[in-house]
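Trainee: Could you take me through how contacts, cores and ligand surroundings are to be read in a model such as this one?

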Amino acid sequence: MLRIAIQAKGRLNEDTMALLEDAGISVSASKRKLIARASGFPLEVLYLRDDDIPQAVQMGVADVGIVGLNEVAEKGMDVVEEMRLGFGACRISLAVPREADYNGVSWFEGRRIATSYPHILRRYFEENGIHAEIHEIAGSVEIAPAVGMADAIFDIVSSGGTLVQNGLREVEVVFPSEAALISKHDLDPEKRADVEKLKFRFRSIVDSRGMKYVLMNLPKARLDEAVAILPGMRSPTVISLADEEWCSLHAVIQESELWEKIELLKALGAEGILVLALENMIR
Ligand code: ATP
Ligand code: MG
């Protein structure tokens, strides 16, 4: 049986639980236990702090884990990145006081930087030939410049709101991150097969996010033009209607392009357009 390590509570917990649920895997609600047996897949769930997940997977305490790539990189653990999961998006960035005369990375030479990500920062400065003082602090990194503990910070940013509130300006995006499924190297063949099954389920969910299923009636004469607008998984599905002048067209459209495409299709004479949510997309 496969054992997966996930964050017990925090920013990744809810999306991780939702992903498992959508993949048909349910874990008992009495989850303040360290470990729980799932149903719907031969899986044991180990609830950990996110910091501990990369190591748990490298050591084989868990076979796989769901964790931010930022934690994997910071801990320097040698694990396999199986797939990115499309949530927990953030970046680790360098930020300086708003009024600083920032003129490029060389600004950091000889400065004091507060961070909870010293390893990633050290590597970045080495690559850029910068010598700076890295001060590792565990939390509230963003207040360090205001209280005189540092000249700048290297911290997680998602919207950037926290930086602005603290009079800071993001100047270098060093590490873009999101949650990923990671695994231990060299799993035995049985576990590897289970990981592949799990990835197959996750893939279909991640791929279907942000996609819509669209159906419409269209004058057959405009079909070629419509097909050019609507590439589907292969190409759109065309179904004949009793009225020979018309057909029904089905396609999968990225949500971000939905309205733009619908306007083009309406201009071609599309009618009765239905937009449906897409739950899974199995390639
Ligand atoms: P734990 O108690 O498990 O150690 P934590 O306090 O270290 O939790 P969270 O704040 O729950 O961590 O964040 C977990 C992960 O969520 C981060 O490592 C990062 O990958 C991701 N994340 C996404 N957006 C943000 C954000 N705005 N701030 C912090 N982390 C974010
Ligand atoms: Mg943590």
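Trainee: Leaving aside its neighbours within four places in sequence, which residues is Leu43 in contact with?

Mentor: Contact means heavy atoms within 4.5 Å, and in this predicted model Leu43 has such contacts with Met1, Leu2, Ile4, Leu20, Ile25, Ala36, Arg37 and Ala38, once its neighbours within four places in sequence are left aside. Residues are numbered from 1 along each chain as its sequence is written, and ligands are numbered from 1 in the order in which they are written. Local features need pLDDT of at least 70, side-chain atom pairs count only at pLDDT 80 or more, and totals for chains, interfaces and linings use all residues, while side-chain values use heavy atoms, with hydrogens and water left out.

Trainee: Which residues of the largest nonpolar core touch the most other members?

Mentor: In soluble globular proteins, nonpolar side chains tend to be buried together. A nonpolar core is a set of buried Ala, Val, Leu, Ile, Met, Phe, Trp, Tyr and Cys residues joined through side-chain atoms within 4.5 Å, where buried means under 20% relative accessible area, exposed over 50% and partly exposed in between (1.4 Å probe, protein chains only). Here the largest core has 30 residues, of which Ile4, Leu43, Ile66 and Phe202 touch the most other members.

Trainee: Which residues coordinate the magnesium ion?

Mentor: Donors are N, O and S atoms within 2.8 Å of the metal (3.2 Å for Na, K and Ca), and sites may look incomplete because water is not among the atoms. Asp50 (OD) and Asp51 (OD) coordinate the magnesium ion (ligand 2) at 2.0 to 2.1 Å; Asp50 is buried, at 18% relative accessible area, whereas Asp51 is partly exposed, at 25%.
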